[in-house]
Amino acid sequence: VVQPDGRIVLAGACFNGTNNDFCAVRYMPGGSLDTSFGVGGKVMTAVGSSDDDVHAVTLQPDGKLVLAGGCVVVNNFDFCTIRYLSDGTLDTSFGANGKVITAFGSGADAARSLVLQADGKIVLGGDCFNVTTSDFCALRYLANGTLDASFGTNGKVITPVGSDDDFSSALALQPDGKMLHAGSCRVVGINFDFCAVRYSTDGTLDTTFGTS
């Protein structure tokens, strides 16, 4: 993400010597590391009990940074989100000391995309293992990192799209508040197709889009 002042924030995963953690760096507009961010322009945060993987980052209007992805808790990946203050320290007003971990299905779950609503709520899109296959999954947090009970079922939505595995790639917020969730799904045989769903603001499927 590019901040209004031209500084550039990159987020990803980095190896700490044993496993992967959430990581971020911030550059000045000219490309030099911004030493006012983290330690020498860099920050590393362990989230789960083992490997962490970052897939999305967004900048809030107040300068806080939200990172999302997946992290291993016990044996499975779950949705994981952290929020940094503008200086790279964890925002302790978010979740548990700046971190939120949310399990979806019975297997591997991971957030792939992230959008911020105008009211400060945070929406994550991804995929989760739902008994036998992977499905599109989305959740919404309040600004403090608690699940928004007004979205889906207790803040979560699981949507089977194809007849087999579905994998999420992107999430976009429309001006009217509806959410487009896109990726790939297997319909017949071994091939994957383009797939998209649209949710209403409460997380229910928007039946005016495509087929149901």
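1. A disulfide is here a pair of cysteine sulfur atoms within 2.5 Å. In this predicted model, Cys128 and Cys137 meet that criterion, with their sulfur atoms 1.7 Å apart. Cys128 has a relative accessible area of 0% and is buried. Cys137 is likewise counted as buried, at 0% relative accessibility.

2. Searching the whole structure gives a total of four disulfides. When the bonded cysteines of the protein are numbered in sequence order, they pair as 1-2, 3-4, 5-6, 7-8. For the reader tracing these links, a disulfide is a covalent bond between the sulfur atoms of two cysteines.

3. Another of these bonds links Cys14 with Cys23, at an S to S distance of 1.6 Å. How does the exposure of its two ends compare with the cut-offs, under 20% for buried and over 50% for exposed? Cys14 has a relative accessibility of 22% and is therefore classed as partly exposed. Cys23, at 10%, is classed as buried.

4. Cys71 and Cys80 are also joined by a disulfide, in which the sulfur atoms lie 1.6 Å apart. The torsion about their S-S bond is about -45 degrees, and the disulfide is therefore left-handed. Cys71 and Cys80 are both buried.

5. With a relative accessibility of 6%, Thr45 counts as buried. Its side chain makes a polar contact of 2.6 Å with the side chain of Tyr84. Leaving aside residues up to four places away in sequence, Thr45 touches Asp21, Phe22, Asp52, Ile82, Tyr84, Leu90 and Lys99.

6. Four strands, in the order E8-E9-E10-E11, make up an open sheet with antiparallel pairing. Its edges are strand E8 (109–116) and strand E11 (156–159), each of which pairs on one side only. From one strand to the next, the twist averages 20 degrees.

7. Within that sheet, how many bridges join E8 to strand E9? There are seven, and E8 and E9 (residues 122–130) run antiparallel. In this pairing, Leu114 stands opposite Leu124 in E9. Cys128, described in the opening point as the disulfide partner of Cys137, has a residue number that falls in the range 122–130 of strand E9.

Conventions:
Residues are numbered from 1 along each chain as its sequence is written. This is a predicted model: local features need pLDDT of at least 70, side-chain atom pairs count only at pLDDT 80 or more; totals for chains, interfaces and linings use all residues. Side-chain values use heavy atoms; hydrogens and water are left out. Buried means under 20% relative accessible area, exposed over 50%, partly exposed in between (1.4 Å probe, protein chains only). A polar contact is a pair of N or O atoms within 3.5 Å; within protein, one must be able to donate a hydrogen and the other to accept it, and residues adjacent in sequence count only if both atoms are side-chain atoms. Contact means heavy atoms within 4.5 Å. Two strands pair if DSSP finds at least two bridges between them. Helices (H or I, at least four residues) and strands (E, at least two) are DSSP runs, numbered from the N terminus. Axes are lines fitted to C-alpha atoms, for helices over the stretch in contact, and angles run from 0 to 180 degrees between N-to-C directions.
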